[in-house]
Amino acid sequence: MIELGLTRVASLLQQTPLTWKAIHIAGTNGKGSISAYLSHLLSAGGVRCGRFTSPHLVDRWDCITIGEKVVQESLFRQIEDQVKLRDQTLGIGASEFELLTATAFEIFNHERVEVGVVEVGMGGRLDATNILNNVLVSVITKIGMDHQAFLGSTIGEIAREKAGILKPGVPCVVDNTNSQEVVETVRAHIQELGIDSLFVSPATVSEQIPALAPYFQDLDLEPHQQENICCAVSALRLALSQLRPDMDAFSLLPYLADVRWPGRLQNIVLQPLIGRTKPILLDGAHNAQSAEVLGKYVDRKMRIQGQPVTWVVAASSGKDLAAVFGSIIRPGDRVATAEFGPVDGMPWVQPTNAKDLACSIQAIQNIGQVQSFEDLLTALRWASEEAQDGPLVIAGSLYLVSDVLRLLRAQK
């Protein structure tokens, strides 16, 4: 169950002063990638760094890393048990995410990290992570329509909630490629707080971050990847100016090439699960904004000479299916709809029924064959047969990505 507010997590951590400084990241899309860039670059610079992102990918504890390595399961469970016992003893009634957040923060204390890179779970102002009180820099990434039941029905309302992580005296970095309404909303809040801000974008990288421009060409980056890196490097410079004034943030840029963020434009081979040997594109696009990015990538890189794409898709219950899949699936494409399994630690997350999802997708004009499957592996095998050596994409949910990676791991 999702229940926003800071009272319960504050009670969980009231006896545990946080011993580390934070970089706090809010937005709709790009949070995880920016977190990955930041923690990797900080670690490369010799800063002991923890990272907390959500949701987890394969195992419940892989959302927490120390020095770029997933926290040991034994330590995670030990600290989690302590947090849960505290919750029960004090009668707090914390939510699953609040317990997880407290566990992550306690692990950072235990591991004596210097910096914790923390991604907001949902929203910002009332998100459990907003209990942070020693923040080096705040980051606002790309904001779109998502979680309207909790954050507001308009983009302006959602932007105000996301901007709720901004704090007096803490500089911030904002993705300036956001819509005008988002930029104006965030800028107004910045002016109210009287804080320093950087509005960054690839269009102005040569003036704002001149050392970064060559890397955009060398790394063959997608537009959204450029946007995320602009935010990450700008935040890195602000953080290092406080942590390591003598360190040149630009000296760490070569390490950008080493950053990998699973489930985002990831090419995987699913043998021996299926017979296909050619790579499959795996992407966690799950809202209109991220789906639009994926759609443009697939159109540009995979639809060679108008070749149709075969898809395996699933979605969380309550998603705007037309907004997500209408921007990636084209006439003539073939689609297998599936369902992801139970999400560990997030019992409120449920999949859209595969048959209902198929009905929604069949409304796309001139769509090719659409088939629903109760079993994910069967869906993958059907899609592989349909695609042959043609383009094959798995998308629609990070939880679907998790299930695919879990199936693959089980074969090793």
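In this predicted model, helices α6 and α7 cross in a right-handed sense. Helix α6 spans residues 155-162 and helix α7 spans residues 180-193. Their axes lie 9 Å apart and meet at an angle of about 40°. The two helices are therefore oblique to each other. On the α6 side, the contact involves Ile 155, Gly 156, Ala 159 and Arg 160. These residues meet Glu 181, Val 182 and Thr 185 of α7.

An open sheet of eight strands is also present. The strand order is β4-β3-β2-β5-β1-β6-β7-β8, with mixed pairing. Strands β4 (69-70) and β8 (197-200) stand at the edges. Each has a single partner strand, so one side of each is left without a neighbour in the sheet. Strands β1 (residues 21-26) and β6 (residues 135-140) run parallel and are joined by five bridges. Within this pair, Ile 23 stands opposite Val 137 of β6.

The largest nonpolar core contains 38 residues. Ile 23, Leu 38, Leu 42 and Leu 212 have the most contacts inside this core. At least two core residues come from each of β1, α2, β5, β6 and α10 (223-243). Helix α10 supplies the largest share, ten residues. The surroundings of Leu 42 illustrate the packing. Neighbours within four places in sequence aside, Leu 42 is in contact with Ile 23, Val 47, Cys 49, Val 115, Val 117, Leu 236 and Leu 240. Another core, of 32 residues, lies apart from the largest one. Its members include Leu 282, Val 312, Val 343 and Leu 408.

Pro 342 was examined separately. This residue sits in the loop between β12 (334-337) and α13 (354-361). Ser 327 is 15 residues away from Pro 342 along the chain. The C-alpha atoms of these two residues are separated by 27 Å.

Notes:
Residues are numbered from 1 along each chain as its sequence is written. This is a predicted model: local features need pLDDT of at least 70, side-chain atom pairs count only at pLDDT 80 or more; totals for chains, interfaces and linings use all residues. Side-chain values use heavy atoms; hydrogens and water are left out. Two strands pair if DSSP finds at least two bridges between them. Helices (H or I, at least four residues) and strands (E, at least two) are DSSP runs, numbered from the N terminus. A nonpolar core is a set of buried Ala, Val, Leu, Ile, Met, Phe, Trp, Tyr and Cys residues joined through side-chain atoms within 4.5 Å. Buried means under 20% relative accessible area, exposed over 50%, partly exposed in between (1.4 Å probe, protein chains only). Contact means heavy atoms within 4.5 Å. Axes are lines fitted to C-alpha atoms, for helices over the stretch in contact, and angles run from 0 to 180 degrees between N-to-C directions. Angles under 35 degrees count as roughly parallel, over 145 as roughly antiparallel, 65 to 115 as roughly perpendicular and the rest as oblique. A crossing is left-handed if the near helix is turned anticlockwise from the far one by less than a right angle, and right-handed if clockwise.
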